[in-house]
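Please keep the sequence and the structure in view while reading.

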Amino acid sequence: MSDIWSEALQGLQPRLGAQTYDLWLRPIALRRVTGTHLHLTAPNRFMKEWFENHYLGVVLDELRARTAQTYDVEIEVTTEPTPAPLPNATTPPPPRPLITAPPPQLSGRYRFQNFIKGAGNELAASAAWAAANEPGTRFNPFFIYGGVGLGKTHLLHAIGHHIHATRPELRIVYQSAERFMNEFIAAVRFNQFDEFRSRYREQCDVLLIDDIQFIAGRDRTMDEFFHVFNVLYEAEKQIVVTADRMPSEMQGMEDRLISRLNWGLVADIKPPDLETRIAILRQKAEHDRIPISDDVTLHLASIVRSNVRELEGSLVRVSTLAGLKNVPITCDFVSELLGAPAVNAQPPPVSIENVQKTVAAHFSVRITDLKGPRRHQGISRPRMIAMYLSRQLTGASFPEIGLRFGGKDHSTVINACKRIESIQSDDRELRATVDTLRRQLTSDTSTVATM
Ligand code: ADP
Ligand code: MG
């Protein structure tokens with residue numbers, strides 16, 4: 001069992017980033033297991049609460065996906081020294097008291113009350129509000145799309161909270177499409193398909209699915225989701241789905257699914273304008289008790305424009321460093337900091353060339369071979385991995401990836417991605433290799449563990 005625990009944590013590492021993992025997950029230890037009851041220890045109360053509020057959900061999901069078991073958890077605070085103590089000054093402000101929301105995967109932080117409306121998100125936010133107030137009627141399905149860090153997940157959770165508060169009898173299922181897929185795979189593998197089916201089709205009145213683009217190209221999962229969709233839709237259950245792009249632009253998504261996702265309301269979220277960014281910063285500063293003046297707020301909001309996550313991250317970063325250096329947060333201080341590439345920028349985009357170079361170097365093959373036609377295993381395996389990583393990390397479409405691999409057909413790329421997916425699920429070594437490569441390609445020191 002402790003194997004499964006460390007494996008599950010390891011499995012989360014690429015998703016959460018090495019820094020977050022080291023800071024928040026590594027210090028949590030598994031003491032013992034009684035049936036499906038896990039007894040964990042944390043080095044202090046703060047770590048315990050932070051872990052509970054931020055990571056427990058994903059860890060449990062990961063465990064469930066891996067073992068097809070649902071675990072419950074008890075966390076004890078021990079005073080033993082830990083491998084990863086937190087320096088005091090960089091300790092983020094303690095989270096608000098946890099409001100436990102009965103749909104267990106909904107984050108207490110993501111509610112309508114603290115979602116700032118602005119030009120870029122007005123339609124999405126008001127439609128979300130309407131859908132939450134009249135689930136299953138006018139806005140069904142409801143599809144929200146937009147770039148990363150713009151508030152899609154926040155709105156999705158907010159809908160869940162509101163429905164739960166106003167219609168507590170409705171059973172809400174919130175799931176990322178990725179976990180939906182993992183659960184589906186586990187259900188098939190462990191012969192628990194009836195349970196899976198009942199969870200999504202019978203015991204569900206509101207289905208909230210995050211990042212549906214993830215299942216594009218995963219035929220069986222798409223097929224399963226299609227049936228879940230139909231059953232719920234016929235029964236007039238509310239379905240809300242988010243994605244990083246509009247339905248018709250999701251490469252590899254089945255046409256019949258695209259058409260259904262378009263049946264209801266489709267709303268997009270665009271990056272926030274300056275006013276909205278200021279309002280978001282003010283709210284975050286107040287919540288985290290960060291002392292910041294109006295002109296510094298304006299200054300910061302003018303510099304960081306890309307997305308809300310980036311914006312909030314910069315604020316935390318600025319305040320953490322000001323705290324460390326024991327200086328006030330001034331415009332100069334902000335400029336000085338955000339001038340440094342590590343803070344302001346999003347991680348540099350990964351290009352297909354990067355992927356090819358890194359994969360070729362790792363396996364000691366030539367880039368021309370990756371792009372060439374040879375089917376020898378020593379070449380074809382690295383090639384498939386490179387295609388898979390290109391798809392995961394660069395956001396390029398299947399046809400584009402095919403093109404950059406010597407003009408191969410998009411179906412070749414789709415097959416390669418599927419192959420690597422499926423081999424990975426039981427080949428640890430391959431999984432580790434892919435993780436290493438992914439980390440190499442995305443290694444980005446700018447992400448402070450603020451999430
Ligand atoms: P996405 O799912 O679109 O990638 P998230 O919903 O995870 O983005 O949002 C990223 C962060 O930004 C979250 O902490 C979220 O609370 C915050 N956020 C995004 N939009 C808003 C908004 N309009 N008002 C307040 N916070 C926001
Ligand atoms: Mg999201």
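The model is predicted: local features need pLDDT of at least 70, side-chain atom pairs count only at pLDDT 80 or more, and totals for chains, interfaces and linings use all residues. Residues are numbered from 1 along each chain as its sequence is written, chains are lettered from A and ligands numbered from 1 in the order in which they are written, and side-chain values use heavy atoms, with hydrogens and water left out.

## The chain as a whole

The protein chain holds 21 helices and 8 strands. Both are DSSP runs numbered from the N terminus, with helices being H or I of at least four residues and strands being E of at least two. The chain has 451 residues, and 48% of them count as buried. Here buried means under 20% relative accessible area, exposed means over 50%, and partly exposed is in between, with a 1.4 Å probe and protein chains only.

A contact means heavy atoms within 4.5 Å. Taking contacts between residues at least 6 apart in sequence, 74% join residues at least 24 apart. The accessible surface of the chain is about 21400 Å², and carbon and sulfur atoms account for 51% of that surface. Accessible areas come from the Shrake-Rupley method with a 1.4 Å probe, and for residues only the protein chains shown count as cover.

## The site of ligand 1

There are 18 residues around ligand 1, and Ile 116, Gly 149, Lys 152, Thr 153 and His 154 come nearest. A residue belongs to this shell if one of its heavy atoms lies within 4 Å of the ligand. The shell has 7 nonpolar, 8 polar and 3 charged residues. In this scheme Ala, Val, Leu, Ile, Met, Phe, Trp, Tyr, Cys and Pro are nonpolar, Asp, Glu, Lys and Arg are charged, and the others, Gly among them, are polar.

The table gives polar contacts of the ligand, that is, pairs of N or O atoms within 3.5 Å.

| Residue | Atom on the protein | Atom on the ligand | Distance |
|---|---|---|---|
| Gly 149 | polar backbone atom | oxygen of ligand 1 | 2.7 Å |
| Leu 150 | polar backbone atom | oxygen of ligand 1 | 3.2 Å |
| Thr 153 | polar side-chain atom | oxygen of ligand 1 | 2.7 Å |

On its own, ligand 1 has 560 Å² of accessible area, and the protein covers 95% of it. Two or more residues of the shell come from each of α6 (152-166), α11 (274-287) and α13 (308-325).

## Helix α16

Helix α16 runs over residues 352-363 and has 12 residues. From first C-alpha to last, α16 reaches 17 Å, close to the 16 Å expected at 1.5 Å a residue. The expected span is 1.5 Å times one less than the number of residues. The buried residues of α16 are Ile 352, Val 355, Gln 356, Thr 358, Val 359 and Ala 360. An α-helix has 3.6 residues a turn, so residues three or four places apart point the same way. Among the elements that cover the buried residues of α16 are α17 (367-371), α18 (377-394), α19 (398-404) and α21 (428-442). Just after α16, Ser 364 has a positive phi of about 50 degrees.

## Backbone features in loops

In the loop between α5 (122-133) and β4 (142-146) lies Pro 141.

Ala 68, a residue other than glycine, has a positive phi near 60 degrees and sits in the loop between α4 (56-67) and β3 (72-77). Glu 236 also has a positive phi, near 55 degrees, and is in the loop between α9 (219-234) and β7 (238-243). Glu 236 counts as exposed because its relative accessibility is 59%.

Ser 107 is in the loop between β3 and α5 and is buried, with a relative accessible area of 18%. Pro 104 is in the loop between β3 and α5, but counts as exposed at 70% relative accessibility.

Ile 163 belongs to helix α6 and counts as buried at 0% relative accessibility. Beyond four places in sequence, Ile 163 touches Ala 132, Pro 135, Pro 168, Leu 170, Ile 172 and Val 206.

Definitions and conventions:
A polar contact is a pair of N or O atoms within 3.5 Å; within protein, one must be able to donate a hydrogen and the other to accept it, and residues adjacent in sequence count only if both atoms are side-chain atoms.
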